[in-house]
Amino acid sequence: MEEESGEELGLDRSTPKDFHFYHMDLYDSEDRPQLFPEENPRMRKEVVQAETANESTGAGDGKAQSDLREEVEELVHLYGLEDDHELGDEFVDENMPKMGVSEYPPYGMKRRDPAREQRDWRLSGEAAEAEDLGFGGWGSAGQCQDLREVYRYTHGRASEEYECYVIPEEEDEEEAADVFCVTCKTPIRAFQKVFDEHKEHEVIPLSEALESAKDEIHKNMYKLEKQIIDMENFANHLEEVFITVEENFGKQEQNFESHYNEILETLAQKYEEKIQALGEKKKERLEALYGQLVSCGENLDTCKELMETIEEMCHEEKVDFIKDAVAMADRLGKFLKTKTDVEISAQPDFEDQTLDFSDVEQLMDSINTIPAPSAPVINPQAPNSATGSSVRVCWSLYSDDTVESYQLSYRPVQDSSPGKDQAEFTVTIKETYCSVTDLVPNTQYEFWVTAHNRAGPSPSSERAVYVTAPSPPIIKTKEIRSCEEAVLICWESGNLNPVDSYTVELTQAESPEASGVTESVVGIPTCESLVQLQPGQSYIIYVRALNMGGPSVRSEPATVHTIGSYFRLNKDTCHPWLAISQDGLTIIRSERSTPRREPPPSDTRFTRCVAVMGNLIPVRGHHYWEVEVNEHLDYTVGVAFEDVPKQEDLGANCLSWCMRHTFASSRHKYEFLHNRTTPDIRITVPPKKIGILLDYENSKLSFFNVDLSQHLYTFSCQLHKFVHPCFSLEKPGCLKIHNGISMPKHVTFY
Amino acid sequence: MALKQISSNKCFGGLQKVFEHDSVELNCKMKFAVYLPPKAETGKCPALYWLSGLTCTEQNFISKSGYHQAASEHGLVVIAPDTSPRGCNIKGEDESWDFGTGAGFYVDATEDPWKTNYRMYSYVTEELPQLINANFPVDPQRTSIFGHSMGGHGALICALKNPGKYKSVSAFAPICNPVLCPWGKKAFSGYLGTDQSKWKAYDATHLVKSYPGSQLDILIDQGKDDQFLLDGQLLPDNFIAACTEKKIPVVFRLQEGYDHSYYFIATFITDHIRHHAKYLNA
């Protein structure tokens, strides 16, 4: 009992505050039950249960305390009270020293905290009720007396402490402070400022001090909150670490267990094998010895029989003896000749038998090492991860594996010559990725990887095919055609193998690098692209080739000006008697070439009419170009459909519209030919430079004398398809084309 | 110099007006037509003078040629004067259609009784432009001239006699070499006397030969089925030959099937207006 009381005492000490909040006045009141007017039935029930429990255990004095405590805890749970410690402790206290109730000192502090008081009141009420009910089940009054003494003792101590604390507070209340002395950090009364030790001190109004104190508290609260969050995070982290540790050790245990079992199994198997082998050996030897023993016995019998026979013979008569003796001698001789085997066929001792434990040893060794890794999983190629000479290969491992390094092997994939073995390359790396360099552009490579650790290599991964990015395309700068609104750009792939697509990138050259806005046209399947542009600008154009691995580097740049229309002569259409200059803009018919024989008819090349076509961009809109001519030269300039009959003269069909100049007997003749007909037009000043305006929108083709800004003629023509500029020289001489020039203003009137 | 408005009709957003005034050069009341394009409401526009052919008044061109749409689009003020003084009571002025009334030939007469009134050259090159510049929103620096038949002759000589005064010139079936054609011989001998050397001052083909060479782009349309061409009244070949020799730029278009009428003019009037607009609006 003493010990148990001591235990309770300890509890009391640990929670003196809770204890203090009891409103002990209640305990003196006679009408306690009325304090719980709306006490719910559930509580009643529980209380009755507690009572019965107490009754049943009441007899066992020694056990009473511990039982009571259990009960209190149970009650606490049933009542669903938030602070079970508080109640629990109080409950126990109250149950024990029932008689000490009246001695509880009143505590002034309680009056200042009505809310708290309310709660405490309720708690103590409940506790009192429970205690009251439980009391009947208690043992002798003497025991209670003892308890009460113990209780009073603890209580007394606690009260003393409390009173020591409370007294100065009461003093404060008496003289209400109205200012705060900053120096002393204490509230004082205003008059104290005048004299006393606060005379020289800085004082502030109490409300101000209160505010700053509140601020301070709020700050601290904030700090505390932060600390709480930090601590919570830390706890979470610890929890994670905890789990990880658990997992890791679990894994290790599992690993060890499997190894251990393996070794045991191996040993058991060896044991079985050995036992069996030994048994067999034993049986074999015993059998051999037995056989020897049997034959030995037989020999002995024979010897004995011979001895007896000989003895019998000795007793016979002489004649008989002699006869028998001879026969016997023969027989004896024969018998003695038969070797008697007296060597022991089987040795009783063991041969030196060594057991082979090497495999077990190996297993034993490996029990402390890690298993060899499983095959890594090689990833398929990530888009845009390759360059022309390198690819980035990635793979992953199973998380359980311990890997010290990987070996990445590769070789080019070649469908064409499977017989020829391509060289394999292998690199060793620590990471689960590798940038493999020095590869051939736009080529497929086969990659596979193995993981290694002390235990050895893993099986090889699957083989993955990666492809290097293509080589940059090569822009055919001589085939670039442009107009005010667009450019037609052509390029060579630059790659032997096909690529997936091309991208055209263009930057306005006029705007300095600062802006450098790059427009891109992507997904171009062929080696040419018509790109819409703004008029009157300069563009720098690049092309990239793309495949699975990524884009190539940029091609060499090409510059395009969207001023006027720009084209070059199409050599494929050129009559053999004509020569085209390097820049593709001058047509020369020399004197010597004339006598040559007429070439065979062709669909693309002019064969009769000594002409050539230009490659105009296929864009509807306006196109203007100029042709420099000699005023005594016979020439024809105009436009024609691509499929214009190449054997006919220009203007001699409905697929071409031309201006023809002929100079004969010092007279200039100008014809504007379409379908062999021309209007009758006379021009007094022979043009030296002819301007040609092709206007798809208005279906017009106009000719001008550039130097005079003179309009010569305008065709109205139905251009259902795209036409190309055409030029012919009926006599030796040359024509020079000027294009990529802006349209003169006078031309805009037509 | 008071102007009297005879008529005003809205046309293609602008106004076709006819005015009457007392001409100092011609000593008679003269009518002229003027078309004010929509652009003239807000600013000065170029002036394009049209000279009509024999027998015409200011009415023929404005009612038959259909030039309004093109003039409206290009923003040109188009002035069409009458072809001769009227009501001067000169003996014999109404005797023939190709001399006298309606046949002023755009010369300043030097012979009696014509020299007081028949001063059409001065009228169309001096008096009328001053009147127009003073009363209408035109830019005097931007002036061109064109005409038909006798008016074509008038346009050519006005341009050739005043290098730089007109930005451009064009003509429909002009009388290119009046010195050598019956109409010209009759009119010039009547107005200028028998001294043929004086005639050359009003002959386009002869004027070309002495033209100092200020740039002039001449557009001429000629109907191929024009009876007067066949009669040798127009003689464009002489003019072309002279221009070719003197390198005066001419585009001469012989239009298949067309005659001398206003139907022919109406067909190509847009080309001519554009031809002038190209220089006037440059």
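Reader: In chain B, what share of the contacts with a separation of 6 or more comes from residues 24 or more positions apart?
Author: That share is 73%. Keep in mind that this is a predicted model.

Reader: OK. How many helices and strands does chain B have?
Author: Chain B has 10 helices and nine strands.

Reader: And how much of chain B is buried?
Author: Of its 282 residues, 62% are buried. Its accessible surface is about 10400 Å². Carbon and sulfur atoms hold 49% of that surface.

Reader: Which residues touch the most other members in the largest nonpolar core?
Author: They are F32(B), F61(B), F105(B), Y191(B) and F239(B). The core has 104 residues. Helix 10 of chain B, residues 262-280, gives the largest share, with eight residues.

Reader: Which residues are in the second core?
Author: That one is separate and has 43 residues, including F641(A), Y670(A), I681(A) and L712(A).

Reader: Why do cores like that turn up?
Author: In soluble globular proteins, nonpolar side chains tend to be buried together.

Reader: New topic. Where is Q222(B)?
Author: Q222(B) sits in strand 8 of chain B, which spans residues 218-223.

Reader: Is Q222(B) buried or exposed, and why?
Author: Buried, because its relative accessibility is 0%. The cut-off for buried is under 20%.

Reader: What does Q222(B) touch?
Author: Leaving out residues up to four places away in sequence, its contacts include A173(B), P174(B), L229(B), F252(B) and F264(B).

Reader: Now chain A. Where does Q381(A) lie?
Author: Q381(A) is in the loop between strand 4 (377-378) and strand 5 (391-396). Q381(A) is buried, as its relative accessible area is 8%.

Reader: Which residues form the nonpolar patch on the surface?
Author: F256(A), Y260(A), L264(A), L267(A), L355(A) and F357(A) form that patch. Together they have about 520 Å² of accessible area.

Reader: Where is L355(A), then?
Author: L355(A) is in the loop between helix 11 (318-337) and helix 12 (358-366) of chain A. L355(A) counts as partly exposed because its relative accessibility is 43%.

Reader: Last one. What does UniProt list for residues 261-288 of chain A?
Author: An unreviewed UniProt entry lists "coiled-coil region" there. In the model, residues 261-288 are 100% helix and 0% strand. The end C-alpha atoms of that stretch are 40 Å apart.

Technical notes: Residues numbered from 1 in each chain as written. Chains lettered and ligands numbered in written order. Predicted model: local features only at pLDDT ≥ 70, side-chain atom pairs only at ≥ 80, totals over all residues. Heavy atoms only, no water. Helix = DSSP H or I, 4+ residues; strand = E, 2+ residues; numbered from the N terminus. Buried < 20%, exposed > 50% of the residue type's maximum accessible area, 1.4 Å probe, protein only. Contact = heavy atoms within 4.5 Å. UniProt positions renumbered as here; feature names shortened; annotations may be inferred. Core = buried A, V, L, I, M, F, W, Y, C linked by side-chain atoms within 4.5 Å. Patch = residues over 30% accessible without salt bridge, like charges linked within 9 Å, V, L, I, M, F, W, Y side chains within 5 Å. Areas by Shrake-Rupley, 256 points an atom, 1.4 Å probe, with all protein chains shown as cover. Salt bridge = Lys/Arg side-chain N within 4 Å of Asp/Glu carboxyl O.
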